[in-house]
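Welcome! Here is a friendly briefing to read alongside the sequence and the 3D view. Take a moment to look around before you read on.

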Amino acid sequence: MATVMPAEAAPQARTPTDWQAPDMQRRIAARYRAERNFRFLGLAALLLAGAFLVFLLGTIVRDGWSGFQRTEVQVSVTFDPAVLGVDPAAARGPDGLTILRRADWVGLMLVSANRLGPAADAVSEAAWVRLRDAVIADPALLGQTRTIWVPATSNIDLLAKGKFDLDAPAESRGVSDEEVSDWRLLAQKGLIRTGLNTTFLMEADSTDPELAGIRGAAIGSLLTLLITISIAFPIGVLSAIYLEEFAPKNRWTDFIEVSINNLAAVPSIIFGLLGLALFLNVFNMPRSAPLVGGITLALMTLPVIVIAARVAIKAVPPSIRDAALGVGASPIQVVFQHVLPLALPGILTGTIIGMARALGETAPLLLVGMRAFVTDVPQGFADPATVLPVQVFLWSDDVQRGFIEKTSAAIIVLMLVLLLMNSLAIYLRNRFERRW
Amino acid sequence: MNNTATIGHNSPVKMTARGVNVFYGAKQAIKNVSLDVSREHVTAFIGPSGCGKSTFLRCLNRMNDTVENARVEGDIQLDGQDIYSPAMDVVQLRARVGMVFQKPNPFPKSIYENIAYGPRIHGLARTKAEFDVIVESALRKAGLWDEVKDRLGESGTAMSGGQQQRLCIARAIAVEPEVILMDEPCSALDPIATARIEELIDELRGRYAIVIVTHNMQQAARVSQRTAFFHLGTMVEYGETSAIFTNPKETRTKDYITGRYG
């Protein structure tokens, strides 16, 4: 071979890189393009997620806002002892309260409502409670005439809030012509008003939408979560401390660690089945009670707390443990005087997030009977109760139109509580977070 | 090679180690080390990284107990008492043999609380006045009092690195230990802070038996009177610092201190 390729002649001699070459410029342009596209995609994803969130919250607030309001009808009531069937003298006596409670309030309400003429049906069935409460609060009302605001029926309430499309044909609009004319009559006379729905905030569930309240479910949730946190927090934190600080590292602890991680991923309804089989069927604990619901949710929350607490404990630098051991602190003193205080913000954050999850949990509670229809606010841990998310579920299932706004209003309450809990978690994390 | 190094010169012995082996799992980190720690002198352990000097130091107050899989063989005595015997209470041992670590590690609490913590858990003081005396004297001994006396309530972690390390020394002093172990106490500090710590070590000499592990041969030469040279888990040579640095008997020691490796 006479001719030799230059590359073969000098394999080491590379031509200097030409940073201005068109090839190079193209690569640079492609790199910028890729980055621009990626940023655009990220922003688009964020906007889409934001739009979904706004849509979700927007519809809930739009539907639920009116749930916090209720319509009342003004009736003129003569507290006639004869109609009530009570002796005024006895009503002022020592047994007055009992006598007043047994009086014929329903009859008095009927008489009073009839004064509204054709619109008598606009008054809720349970309106008599207002009359009773007024007299019990002030027995001097007996024999006098007063104007009292009483709750309207659900359809009048919805009419006043403009929830019906009155241009639609009578058979498909969900409200009868009589009710529409009752409402128009009352509105004309100025006997109707819409204000804050104290019933919704202060009462428990009811079959009538205008009488249904969220308080029963809210107290049920509170009692349930009290049980949950008082079981899951100490057990979870102590387990985490033992596993992190004291347990020997061997196959058993590895197995326990894997099991805890698996438990955290078990569908919550499985815990409900466990609660049903164990607490109700074996231990015969009361059905529908916050006690059982709380224990079931504690089992579900436990792995979450253990994992969060272990991460928080692991994040405490070993140098702090060395320092404490070095001045002669015992292992228990190291843990409780140094590691735990430093890990506490992280543990609390994890616990609150676990509690928020438990607060929003429905499935396991359905299985231990907490979907019961309970018209009383629960007074103790063994009383029948329901919880906020189950209440949402029950109302969303109801055929009566008045429950639509109650469902959304209950969701608003639930979400406000969740927002509060998560804000507390973030606050604790920022407030007590330490840097080493 | 004579592996048992004694101090000689009639120097009173505070701690003795005889035939110490340390294993991490199957790996042997310390091989048959025997030496005496003088009550009145500063003893330095020098050697290249991974030679086992820190491991051996941590045997002297049983800090290796906390290390998973660590196993210590041999005999280590404090004032003639076997520190690995079941009769020895490890918490009390660590109060008697205090430790200062490589990285300053004050508790994330106030300066006052950093010092008062040790005396409190050992019940060395009861009243606020008694604690005040302990805190002031410990901070004075550590040469920190004038710098911090007006801000004892501030966090110990808010100080400079050198101050933090002196706070850690003060914390160790506060429980009135008999021995202070220092594991490369200046490796995270600048030269000025290092000089300050070295002065402090010199001031504390005689009051406490001091053992210092250092990477820095000049530091060993400056602060110590006895030096042990470790290499690959064995103690190669032990003797008076001046002798080790000017007239080492072993070639490995000589090669190390002249900078041929390490």
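**Strand E7 and its surroundings in chain B**

In chain B, E7(B) and strand E8 (residues 179-183) pair in the parallel sense over four bridges. Please keep in mind that this is a predicted model.

- One residue pair to find here is B:Val100, which stands opposite B:Met182 in E8(B).
- Are the residues on the two faces of E7(B) buried or exposed? B:Val97 and B:Met99 on one side are buried, and so are B:Gly98 and B:Val100 on the other, which leaves both faces of E7(B) covered.

**The six-stranded sheet of chain B**

- In general, strands of a sheet pair through backbone hydrogen bonds, and the pairing can be parallel or antiparallel.
- E7(B) and E8(B) belong to an open sheet of six strands, and the order to trace in chain B is E7-E8-E9-E4-E10-E11, with mixed pairing.
- Why is one side of strand E7 (97-100) and of strand E11 (234-240) in chain B left without a neighbour in the sheet? Both stand at the edges with a single partner strand each, so one side of each has no neighbour there.
- On average, neighbouring strands of this sheet are turned by 15 degrees against each other, direction ignored.
- Strand E10 (residues 226-231) of chain B runs antiparallel to E11(B), and six bridges join the two.
- To spot this pairing, look for B:Thr227, which stands opposite B:Gly239 in E11(B).

**Chain B as a whole**

- Chain B has 10 helices and 11 strands.
- Its radius of gyration is 18 Å, close to the 18 Å that the globule rule gives for 262 residues, so chain B is as compact as a globular protein of that length.
- Taken along the principal axes, the box filled by the C-alpha atoms of chain B is roughly 55 × 45 × 35 Å.
- Of the 262 residues in chain B, 46% count as buried.
- Consider the contacts in chain B between residues at least 6 apart in sequence: 69% of them join residues at least 24 apart.

**Where chain A touches chain B**

- How many residues of each chain are in contact with the other chain? The contact involves 15 residues of chain A and 21 residues of chain B.
- On the chain A side, helix H15 (318-326) and helix H16 (331-359) each supply at least two of the touching residues.
- H15(A) gives the largest share of that side, six residues.

**A sheet in chain A**

- Chain A has an open sheet of three strands in the order E2-E1-E3, with antiparallel pairing.
- Strand E2 (145-151) and strand E3 (192-196) of chain A stand at the edges with a single partner strand each, so one side of each is left without a neighbour in the sheet.
- From one strand to the next, the twist in this sheet averages 40 degrees.
- Seven bridges join strand E1 (residues 69-78) of chain A to E2(A), and these two run antiparallel.
- One bridge to look for links A:Ser76 with its partner A:Thr147 in E2(A).

**How confident is the predictor?**

- The mean pLDDT of chain B is 89, and 95% of its residues reach 70 or more.
- Over residues 1-5 of chain B, pLDDT stays under 50, and the model has nine contacts for them beyond four places in sequence.
- The model scores ipTM 0.87 and pTM 0.81.

Technical notes: Residues are numbered from 1 along each chain as its sequence is written. Chains are lettered from A and ligands numbered from 1 in the order in which they are written. This is a predicted model: local features need pLDDT of at least 70, side-chain atom pairs count only at pLDDT 80 or more; totals for chains, interfaces and linings use all residues. Two residues are in contact if their C-beta atoms, placed from the backbone, lie within 7 Å. The radius of gyration is taken over C-alpha atoms; the globule rule is 2.2 Å times the number of residues to the power 0.38. A residue is buried if 20 or more other C-beta atoms lie within 10 Å of its own, exposed if 12 or fewer, and partly exposed in between; C-beta atoms are placed from the backbone. Two strands pair if DSSP finds at least two bridges between them. Axes are lines fitted to C-alpha atoms, for helices over the stretch in contact, and angles run from 0 to 180 degrees between N-to-C directions. pLDDT is the predictor's confidence in each residue, from 0 to 100.
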